[in-house]
Amino acid sequence: ENFISFFFSNYFIKMAEKQFKTALDFIQNPPAGTDEPSNESKLKMYALFKYIQSGPCKEKAPSRMKVVAYYKHQAYKALGNKMTQEDAMNKYVEEASKISPQLKARL
């Protein structure tokens, strides 16, 4: 039973990683005609990307005078510390998929 749960757990992590990499590539290199994501979507995807790369936010907030950096930090911090890397990848894919049906076809 442990082997089976390990196998499926590993399988779902690999699937999440594959879909995340596809979504990340799509967002970084959007095809012509793809709508620009809203600032809210950009903040969510930034925060999720940061969480995937670094885990929960442990950084000190930047000065409010650095408006963009401050809001990025707030979005990252708002994710909390209860999410797994796999959960963050799935949420990133979900958010990126809202931008374009073209991405959904690639997943």
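Helices here are DSSP runs of H or I with at least four residues, numbered from the N terminus. By that count, Glu 95 sits in helix 4 (residues 85-97). The model is predicted.

**Glu 95**
- Glu 95 is buried, because its relative accessible area is 7% and the cut-off for burial is under 20%.
- Beyond its neighbours within four places in sequence, Glu 95 contacts Ser 41, Lys 44 and Met 45.

**Lys 50**
- Lys 50 belongs to helix 2 (residues 39-54).
- Its relative accessible area is 19%, so Lys 50 counts as buried.
- Setting aside residues up to four places away in sequence, Lys 50 touches Gly 55, Glu 59 and Tyr 76.

**Helix 2 against helix 3**
- The two axes, of helix 2 and helix 3, come within 8 Å and cross at roughly 65°.
- The crossing of helix 2 past helix 3 is right-handed.
- Helix 2 contributes Leu 43, Tyr 46, Ala 47, Lys 50, Tyr 51 and Ser 54 to the contact.
- Helix 3 contributes Tyr 71, Lys 72, Ala 75 and Tyr 76.
- By class, this contact holds seven nonpolar residues, one polar residue and two charged residues.

**Burial in helix 3**
- Helix 3 spans residues 67-77, and its buried residues are Tyr 70, His 73, Ala 75 and Tyr 76.
- Helix 2 is part of what covers these buried residues.
- Ala 75 and Tyr 76 are buried, and both also take part in the contact with helix 2.

Key
Residues are numbered from 1 along each chain as its sequence is written. This is a predicted model: local features need pLDDT of at least 70, side-chain atom pairs count only at pLDDT 80 or more; totals for chains, interfaces and linings use all residues. Side-chain values use heavy atoms; hydrogens and water are left out. Helices (H or I, at least four residues) and strands (E, at least two) are DSSP runs, numbered from the N terminus. Buried means under 20% relative accessible area, exposed over 50%, partly exposed in between (1.4 Å probe, protein chains only). Contact means heavy atoms within 4.5 Å. Axes are lines fitted to C-alpha atoms, for helices over the stretch in contact, and angles run from 0 to 180 degrees between N-to-C directions. A crossing is left-handed if the near helix is turned anticlockwise from the far one by less than a right angle, and right-handed if clockwise. Ala, Val, Leu, Ile, Met, Phe, Trp, Tyr, Cys and Pro count as nonpolar, Asp, Glu, Lys and Arg as charged, and the others, Gly among them, as polar.
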